[in-house]
Amino acid sequence: MNNIIKTIIISILTFVYVPIFGQNSNVLYLDLNQTIEKAQDSSLTAFRYKNMYLSNYWSYRNYKANRLPSLSLNLVPVSYNRQLIQRYDSENDIDVYRQQKSYSASGSLMLSQNFDPLGGTFFIQSSLDYLRYFGANTYNQFTSAPFSIGYQHNMFGFNQFKWDKKIEPLKFEKAKLQYLYNAEQIASNAVTYFFNLAQAQVRYKNAINNAQKADTTLIIAERRFKIASITKTDLMDIQLEIVNAKNEIAQAEVDMQKASLALTSFLGIDKSTKIELILPENPNELIIDNELALEYLHKNSYQLLENKQSVLEAEKEYDRIKKSNRMTISVNANVGFNQQAEEIADAYKDLMRKDVISVSMAIPIMDWGMRKGQKNQAESNLNIAKIDQEQQIQELEQNLTITIGELNSRYNMLQSALTAQNLANEIYQENILRFQEGSCNITTLTSSQQRMVSAQNNYISSLYQYWYCYYNLRQQTLFDFDKGISLSEQFDFDNLR
């Protein structure tokens, strides 16, 4: 009979409380991977990062389009002019003002292509102009240039196209890596929100369990008090535990509601949704190859590309200022055919050769040291950019080495926390049996219960620290060490557009 009673008491004491809201149909069960996937797909932060990438994507598309031939049609369909103009009267040897009225229209079609190596522009053009004078001698005039080909170039000058060809693809590659980096930052944030709620839910369930166990312990204690097996102080300690347990339930419920609201807001889901989290299992140990991690750091770090871009832009500015100090020669060549006539059809007959070649020069002579100062400033900025690049490489490599070491330590601490949790649970179960038999006092039982709860909280905290460190490592390298794949190589950027 005593064995049956003990079995029933143990079953009551070890009962695991299931919250009432867990039976609600509006419950969303999430594990860690599902939480991260939802955060990276549906959160407002993810939407913002997606649009940041798309902005860079369309900027790169504009650059690519600018390197292709462009066709433009320029029209001036109506231009009416009525004004007094000054004319010389040779008979009277004086200047006189006469009224002049005219109507004109023009149109041109141009095909142009930028030439990156030299920085100039080739173009092919066809144009037609019409002019009609009103007055004593009213007449029409058509001027046509059916075909002309030309080239515009600034010799020895700054070549914007050459630098754009170096910088723009680098900027777009940086934008892709930065998007993945931000996605991993979302994962790290999701880990934090996930375990904040997980710890709050565990504390709430433990508070419920503690209250139930305290009630059951009080029944046993009252029986033992009647037979003078325990003191009145021990009985009052249990009563105090019941009061504290009720207060703990209220506080734990508030904390759980706050953590749940924070997670639902972050994931972008209905705030009334009840979330029940599924803790990840104890992970397997990862063997991180430091050389492999450093390789993917240099390959996938957007910060390194950002510094490289800064160096290129500083070199570009230095090149621009340096060449502005030199003599510049601008060449404009245009070869084709043209004709003018009173009838439009005649404007395309007997075409005449049209040759336009112009050369202009700009020679800096004296600027009181302004250009030299600008050049020295640009050179200093370039040196700063190169130094910043080297410092950034050292800092990233150092942080990566620290993170790898921390991940190994976090794994060992997690295993220790798991062992401590199991031991604390066994000790508590043993003390329950001893308390029923009268060989364990209230203080020892309460202390073992507190150690069990503390060990469980420490284990969850260790789980959080491990996974947060793991996703931090993924963020730095954009490499999945668990699956052995590069995030940048497997990601489909086309789905973002």
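Reply: Let us begin with burial: a residue is buried under 20% relative accessible area, exposed over 50%, and partly exposed in between, using a 1.4 Å probe and protein chains only. In this chain of 497 residues, 38% count as buried. The model is predicted, so local features need pLDDT of at least 70 and side-chain atom pairs count only at pLDDT 80 or more, while totals for chains, interfaces and linings use all residues. Residues are numbered from 1 along each chain as its sequence is written, and side-chain values use heavy atoms, with hydrogens and water left out.

Me: How many helices and strands does the chain have?

Reply: Helices (H or I, at least four residues) and strands (E, at least two) are DSSP runs, numbered from the N terminus. Here there are 10 helices and 10 strands.

Me: Is Glu 184 buried or exposed?

Reply: Glu 184 has a relative accessible area of 4%, and is therefore buried. This residue belongs to helix 4, residues 160-226.

Me: Which side chain makes a polar contact with that of Glu 184?

Reply: A polar contact is a pair of N or O atoms within 3.5 Å; within protein, one must be able to donate a hydrogen and the other to accept it, and residues adjacent in sequence count only if both atoms are side-chain atoms. The partner of Glu 184 is the side chain of Arg 474, at 2.9 Å.

Me: Is Glu 281 buried or exposed?

Reply: With a relative accessible area of 69%, Glu 281 is exposed. Its place is the loop between strand 6 (274-278) and helix 6.

Me: At what angle do the axes of helix 6 and helix 8 cross?

Reply: Axes are lines fitted to C-alpha atoms, for helices over the stretch in contact, and angles run from 0 to 180 degrees between N-to-C directions. The axes of helix 6 (residues 290-300) and helix 8 (residues 370-437) cross at roughly 140° and come within 11 Å. Helix 6 is therefore oblique to helix 8. Angles under 35 degrees count as roughly parallel, over 145 as roughly antiparallel, 65 to 115 as roughly perpendicular, and the rest as oblique.

Me: Which residues make the contact between these helices?

Reply: Contact means heavy atoms within 4.5 Å. Helix 6 contributes Asn 290, Ala 293, Leu 294, Leu 297 and His 298, and helix 8 contributes Ile 393, Leu 396, Glu 397, Leu 400 and Ile 404.
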